[in-house]
Amino acid sequence: MSAGAPDDAATARAAALRRQLTDAEHAYYVLDDPQISDAEYDALLRQLQALETEFPALQTPDSPTQRVGGSASSAFAPVQHRLPMRSLNNAFDEAEFLAFDRRVREGLDRAAVPYMAEPKLDGLAVNLRYEHGQFVQGATRGDGQTGEDITANLRTLRSLPLRLRDAPPSMIEVRGEVFMPHAGFARLNAEQSARGEKTFVNPRNAAAGALRQLDPRLTARRPLQLYVYALGAVDGYALPATQQALLDQFRRWGLPVNPLNARVEGVDDGLAYYQKLMAQRAELPFDIDGVVYKVDDLAARDELGELARAPRWAIAFKFPAEEAQTKLLDVEFQVGRTGAITPVARLVPVFVGGATVSNATLHNLDEIRRKDIHIGDTVIVRRAGDVIPEVKAVVVDQRPPDAGVIDLPQHCPACHAEVERSDDAVVARCPAGLGCPAQLHAALLHFVSRRALDIEGIGEKLIQQLIDEGLVAEPADLFAVTAETLMRLERMGEKSAANRITALAKAKHTTLARLLYGLGIRDVGERTADTLAQHFGRLEALQRACEADAQTADAEKDKDRYPQLRAVADVGPEVARRVVDWFSDPHKQAMVARLQTAGVHWPDVAVASGDGPLSGQRFVITGTLPESRDAVAARITAAGGQVVGSVSAKTDYLVAGEAAGSKLAKAEKLDVPVLDWAAFLKLLDASSP
Ligand code: 5U1
């Protein structure tokens with residue numbers, strides 16, 4: 001190692017590396033436009049570290065190598081805030097939000113007031129002080145007057161610039177929220193449990209714990225992020241006119257600002273923003289618990305003034321709580337369509353996420369052990385959007401002494417067959433198939449469902465009665481049900497019974513994809529069913545392929561197993577095995593034959609000929625188009641193209657209609673060309689001879 005002074009080349013190289021690394025951090029956290037991979041970033045950082053070790057004189061306080069500095073301390077020094085860090089008043093419903101807007105409009109004597117609407121992050125508020133562009137101090141909110149000095153920990157956040165860009169004022173304090181995104185939280189908890197350490201209940205607690213680490217090296221390992229949203233004390237800076245302009249200025253200084261922030265013109269616009277954000281909430285990469293509305297015009301804020309605790313010019317309109325505490329009364333086991341036996345929590349009813357929840361899924365025994373759930377525990381229940389409620393965590397220190405251990409049952413709770421356990425003993429399965437009333441019930445419900453045979457008017461209760469009366473033991477039996485039977489069982493009127501019989505008759509004319517989905521083959525969802533139908537075109541072709549592939553089940557090499565099924569787009573070895581096993585079972589073969597005898601029929605699907613103008617091209621169809629999905633697929637296959645269910649890097653085009661959702665987002669992410677209806681017709685036209 002050289003202890004001498006750095007030469008010009010080393011100095012220039014260190015400066016270039018520092019710039020590259022800082023630019024990469026800025027691109028990633030502020031512009032949300034990563035320029036280099038994590039591995040490249042790490043390699044550059046190591047180069048800079050090596051240079052700085054060789055020539056310590058090259059080290060600067062704002063070098064990206066200096067994020068983790070100093071040693072562990074025993075306490076955080078108090079920081080007196082130069083301006084109080086106020087909190088926000090809350091609105092818990094629309095009326096309270098409208099009342100806030102009324103007060104603001106009356107206070108300002110204006111007909112409508114524009115606001116900046118910003119997602120309310122569920123993290124920890126911090127105050128960051130920059131002097132002459134350098135980050136010099138970071139503090140928690142504390143009681144609003146006095147916080148704690150957590151500078152060393154905050155320096156480890158790569159989203160926090162150590163030096164501001166673009167001519168910053170001589171002294172400025174910015175305020176924002178430190179939070180942990182979901183992906184990092186999941187990774188952290190997985191690492192914690194792999195090490196046998198305590199997992200965190202939610203990202204907020206994990207973020208709080210990370211910021212309060214006495215050793216900044218520990219904070220540095222926690223995936224924290226920052227968004228800034230307000231100004232504290234400033235010297236030498238003339239305020240812009242609006243919050244929107246202030247946020248733009250923050251961005252120019254290189255500070256990270258939430259891209260979901262938006263200016264709304266008044267309450268109606270504000271409510272639309274709230275609804276839109278709430279709908280996106282489950283898919284966002286971080287937790288939010290509402291929307292903050294701030295009067296956009298900064299001069300108008302002065303007119304309105306502040307109360308001791310919170311400003312008059314802002315409000316947090318909270319989302320309904322998605323988490324609540326309750327008690328786990330018992331665990332019951334439910335048998336699903338494929339025989340999987342899943343534990344379900346019976347809870348003291350609790351209002352959460354806008355609904356009363358008294359049952360929640362516990363997934364499997366592995367999950368129960370990982371979360372350390374016992375009967376009698378106080379648990380945190382989560383319900384987000386349409387997602388099934390789940391027990392997220394246990395409040396361990398409230399566990400009663402007689403809390404009960406949960407174990408899988410030995411026998412199926414529905415048919416008492418001895419259960420089969422997976423090798424790791426965490427999943428139990430009832431082996432009785434349709435002989436188990438619970439599996440039969442679930443299988444029939446699936447068969448009649450909207451995306452399968454779509455038989456209207458046949459619901460859970462009726463199916464249960466038909467099973468109880470011994471009238472149906474498999475899907476084909478449904479077509480033998482008569483109006484007289486229905487009128488007797490359900491005590492329904494003649495007209496209603498006739499409607500159901502008509503629905504059954506109508507459902508007999510179906511599609512191959514719907515049938516394959518409706519059969520309930522494990523791992524064959526709607527997309528796979530569709531892909532299988534497109535690929536084979538006829539049921540007999542699929543059956544023949546399964547027959548041939550069954551001969552390869554014991555092949556030594558993985559790649560020699562199930563070649564015909566694996567030739568289908570999106571079908572991997574596991575799904576191939578499931579499909580081959582299903583069609584090789586004589587009982588299942590007979591079941592399909594009986595459906596055909598009962599009159600269930602479907603047209604053949606045009607199979608990609610492979611030699612049309614679109615041959616070799618893979619299409620995905622999504623959204624509402626002027627023609628039915630089947631018709632669009634037929635156009636594609638007629639031109640030699642292939643229709644697959646899901647968007648991947650191998651997809652050539654996404655044909656997207658109105659209200660396209662996640663597939664469109666994925667295509668855009670993967671740079672898959674997206675065709676609207678007009679562009680699709682143009683492509684077909686251009687391809688036709
Ligand atoms: N997005 C956002 N969150 N949040 C929290 N803005 C915002 N403003 C706050 C708080 C406590 O306080 C204002 C009074 C600056």
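Student: How many nonpolar, polar and charged residues are in the lining of the largest pocket?

Tutor: This is a predicted model, and its largest pocket has a volume of about 1700 Å³. The lining consists of 50 residues, and those closest to the pocket centre are Tyr28, Tyr29, Arg187, Pro223 and Gln225. Sorted by class, the lining has 25 nonpolar, 12 polar and 13 charged residues.

Student: Which element gives the largest share of the lining of the largest pocket?

Tutor: The elements that contribute two or more residues to this lining are α1 (8-29), α2 (38-54), α5 (182-194), α7 (216-220) and β8 (225-235). The largest share amounts to 7 residues, and the element that supplies it is α5.

Student: Which element gives the largest share of the lining of the second largest pocket?

Tutor: The second largest pocket holds about 1200 Å³ of space. Among its 44 lining residues, Arg86, Arg175, Tyr229, Ala230 and Trp313 lie nearest the centre. Elements giving two or more residues to this lining include β3 (115-121), β4 (124-131), β7 (171-179) and β8. The largest share, 6 residues, comes from β8.

Student: Are α20 and α21 roughly parallel or roughly perpendicular to each other?

Tutor: Helix α20 (residues 573-584) packs against helix α21 (residues 586-597) at an angle of about 75 degrees, and their axes are 5 Å apart. In this contact, Trp582, Phe583 and Ser584 of α20 meet Pro586, Lys588, Gln589, Met591 and Val592 of α21. Angles of 65 to 115 degrees count as roughly perpendicular. The orientation of α20 and α21 is therefore roughly perpendicular.

Student: What is the handedness of the crossing of α22 and α24?

Tutor: Helix α22 (residues 629-638) and helix α24 (residues 677-687) pack at an angle of about 30 degrees, with axes 11 Å apart. The two helices are therefore roughly parallel. Their crossing is left-handed.

Student: How many nonpolar, polar and charged residues does the contact of α22 with α24 have?

Tutor: On the α22 side, the contact is made by Val632, Arg635 and Ile636, and on the α24 side by Trp677, Phe680, Leu681 and Leu684. By class, this contact has 6 nonpolar, no polar and 1 charged residues.

Definitions and conventions:
Residues numbered from 1 in each chain as written. Predicted model: local features only at pLDDT ≥ 70, side-chain atom pairs only at ≥ 80, totals over all residues. Heavy atoms only, no water. 1 Å grid on protein atoms, 1.4 Å probe; cavity = no way out; pocket = protein on both sides within 12 Å on 5 of 7 lines; lining within 4 Å. Points joined across faces, edges and corners; volume = space filled by probe spheres on them. Helix = DSSP H or I, 4+ residues; strand = E, 2+ residues; numbered from the N terminus. Nonpolar A, V, L, I, M, F, W, Y, C, P; charged D, E, K, R; others polar. Axes fitted to C-alpha atoms, helices over the stretch in contact; angles between N-to-C directions. Parallel < 35°, antiparallel > 145°, perpendicular 65-115°, else oblique. Contact = heavy atoms within 4.5 Å. Left-handed = near helix turned anticlockwise from the far one by under 90°.
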